Amino acid sequence: MPRRTPLSKAIPPLFLLRAGECCPQCGEGTNAFALLVSGLYDGVEDDTFNGFILLKDIKYLPKRFLAMLTEHCPGWRFDREEPSEPACLMNHCLRCAAKLTDTHIHAEPGSAFYPTSPDDCRNISVYLLPVEIQVRVVCGWSSGGLTDWLDYDLAKSWEALAADPSPTL
Ligand SMILES: [Zn+2]
């Protein structure tokens, strides 16, 4: 049996990002979501990284935390890119249900969570999550670019997201 991936811990304040994205399958506008944290204890590295960090390839989140997110983030749910791959928290097109993989929305320059300039960040809404404790997570992460450019002081409340579920496009 392979060794289980050690849990990491996301350090609050925690933010939800919502961005408009163009579906590669149907070409329609849809939403994509991502988690951004204020620091991370990385269980694999056994080290704590401070500063704003964008999470991706999320393979585990506590049930209650996940339920809170998915209630207000349509199309964001665990799914597998390929049947042989482990399940990840993945965005799906609101129109045609196509998979919007993290490889696409986090790693293609110009895509939802890979803005190429501070100006590009206008496409991204930032919401402050009502969570004040560290959250267990298994994930990959990155920092720089987007994490430096967002204005966290302008983060909207979680209630604001609940009140405005409409697509941003
Ligand atoms: Zn689509």
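Reader: Which residues does leucine 55 touch, not counting residues up to four places away in sequence?

Author: This is a predicted model, where local features need pLDDT of at least 70, side-chain atom pairs count only at pLDDT 80 or more, and totals for chains, interfaces and linings use all residues. Residues are numbered from 1 along each chain as its sequence is written. Contact requires C-beta atoms, placed from the backbone, to lie within 7 Å. With residues up to four places away left out, leucine 55 touches Leu35, Val37, Val137, Cys139 and Trp141.

Reader: Which residues have the most contacts inside the largest nonpolar core?

Author: A nonpolar core is a set of buried Ala, Val, Leu, Ile, Met, Phe, Trp, Tyr and Cys residues joined through C-beta atoms within 7 Å. Buried means that 20 or more other C-beta atoms lie within 10 Å of a residue's own (exposed: 12 or fewer; partly exposed: in between), with C-beta atoms placed from the backbone. The largest such core has 39 residues, and those with the most contacts inside it are Leu17 and Leu55.

Reader: Which strand gives the largest share of this core?

Author: Strands (E, at least two residues) and helices (H or I, at least four) are DSSP runs, numbered from the N terminus. Strands E2 (14–22), E3 (29–42) and E4 (47–60) are among those that each supply at least two core residues. The largest share, seven residues, comes from E3.

Reader: In E7, what is the bridge partner of histidine 92?

Author: Strands pair if DSSP finds at least two bridges between them. Two bridges join E6 (residues 88–92) to E7, and the two run antiparallel. In E7, the partner of histidine 92 is lysine 99.

Methods
Two residues are in contact if their C-beta atoms, placed from the backbone, lie within 7 Å.
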